[in-house]
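Here is a friendly note to read alongside the model. Please keep the view open and find each place as it comes up.

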Amino acid sequence: MQKKDAEKCNMLSPDDSDDVVAVELNDVDRHVFEHGVGRFNRLGWKRLTIVLLVEAVALGCLSLPSTFGALGMVPGTLCCVGLGCIAVYTSHTIGRVKLKFPEVAHYADVGQLMWGRAGYEVIYVMLTLMLLFILGSHCLTGTIAFVQITKSDICSIVFTVVSGIILLLLAIPPTFTEVAILGYIDFASIVLAVGITIIGTGVRRSQVSTEWSAWPREDLTFTEAFVAASNIVFAYSFAICQFSFMDEMHTPKDYVKSIWVLGILEILIYTLTGSLVYVFVGKDVKSPALLSAGDLLSRIAFGVALPVVYISGSINTTVLARMIHGRLYRNSEIRFINTRMGWITWLSLITIITVIAFIISEIIPFFPDLLSICSALFISGFTFYFPALMWFLLLREGKWNTAYNIFYGVVNACIFAIGVITLGCGSYASVQDIIQNYQTGAVRGVFACSTPA
């Protein structure tokens, strides 16, 4: 988007000798256009790293200890590190596609490159649903946090409404550069919350012995195993917004630095959090992980974690609203959101998105399964099989029989298979677990006044 806009701005510069082009915009419209282009082209690689951290290191981190509890220490660690390395590779592939096709502004645009209009619409719908589900999971987590912190008899739906309002307010800034400023608070929040949980559970373990295993539980079912594995997939979901973030970079080729910094940090944080909390708590570890810290420390940890719940959640609103808003006003200065009509449509759009996410959080009011179904239906594609197909359809060059193409062909075929297996088996496992939870009464009902699971 920036390249085309910049070219148009250059054509409209005061020094342009082409009188036909120069009269396209009056002075007011010219200011709106030039200010809009500059406003959405300020992201450097350091701020990109922060924005990716805001989008990535959040709810996934809170689900990992229970995942280790189901899979065991060895499989849990292997899955966490292995899937993390794959996510870094596929994210690198996404970056290469953006550099080769700079006109790509959102993930859906890649669908058009690969399969035309039909591909665009399919991925557009998938991305929309994915972001709504993630936003709903943040709304649900905020409800769990407030219920845990207050220990009051207030109907949990009230806290869900409060969570929705906070997510809405934080989504008002329309550019990712502005969101990046909050990213430092966001990252500090999750690190402190997890640190409190690790220390608290470690102290408890010194007083009470716990049981943990290097291998999966003996009674582990297929459904439980795939729900656990899908939660790890969810933790590495940063690829879904990468095109949108890179579209605001002033030097897109610097994305490689951000991807490696993010990948290393994520693998370290996730592996340490999952393994340490599991060892300290044992087989009874809960999800979200902050519930395992004990009553007092759990309330403190949730209080510290509130910024990451809402800041990371709101960025999904921003990505989705930007995608829809840009499509509605593709050829209008309203898309820059620096006019009265631009702000009216922007505020209306993020409000509608937040209301839908609120409804989702009430329909699926249990944390692990909401993350799992997101992973199976959507992240399996955005992080695994879509990037693999990008290599085959958009990046591969030269003859198939070269060593380079054979090696990367095998690598991407394996990644594609991982994505398809996650899509099929993960979706089945998630739906089965949701049905079982409702049948056994393990969770509250839809729009019911009780503690979310």
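1. In which helix is Ser163 found? Ser163 sits in helix 8, which covers residues 156–170. Helices here are DSSP runs of H or I with at least four residues, strands are runs of E with at least two, and both are numbered from the N terminus.

2. A word on the source: this is a predicted model, in which local features need pLDDT of at least 70, side-chain atom pairs count only at pLDDT 80 or more, and totals for chains, interfaces and linings use all residues. Residues are numbered from 1 along each chain as its sequence is written, and side-chain values use heavy atoms, with hydrogens and water left out.

3. Back to Ser163: is this residue buried or exposed? Ser163 is buried, with a relative accessible area of 0% (buried means under 20%, exposed over 50% and partly exposed in between, using a 1.4 Å probe and protein chains only). Leaving aside residues up to four places away in sequence, Ser163 touches Cys139, Gly142, Thr143, Phe146 and Tyr310; contact means heavy atoms within 4.5 Å.

4. Now look at Gly183, in helix 9 (residues 176–207). Gly183 is buried too, with a relative accessible area of 1%. With residues up to four places away in sequence not counted, Gly183 touches Ile50 and Val54. The C-alpha atoms of Gly183 and Val51 are 6.2 Å apart, although 132 residues separate the two along the chain.

5. Next, a helix pair. Helix 6 (residues 73–100) packs against helix 12 (residues 255–281) at an angle of about 165 degrees, and their axes are 10 Å apart. Axes are lines fitted to C-alpha atoms, for helices over the stretch in contact, and angles run from 0 to 180 degrees between N-to-C directions. That angle makes helix 6 roughly antiparallel to helix 12, a label for angles over 145 degrees.

6. Which residues meet here? Helix 6 contributes residues including Met73, Gly84, His92 and Leu99, while those from helix 12 include Tyr255, Trp260, Gly263 and Val279. By class, this contact has 14 nonpolar, eight polar and one charged residues (Ala, Val, Leu, Ile, Met, Phe, Trp, Tyr, Cys and Pro count as nonpolar, Asp, Glu, Lys and Arg as charged, and the others, Gly among them, as polar).

7. Finally, step back to the whole chain. The chain has 16 helices and zero strands, and 55% of its 453 residues count as buried. Among contacts between residues at least 6 apart in sequence, 85% join residues at least 24 apart.

Methods:
Angles under 35 degrees count as roughly parallel, over 145 as roughly antiparallel, 65 to 115 as roughly perpendicular and the rest as oblique.
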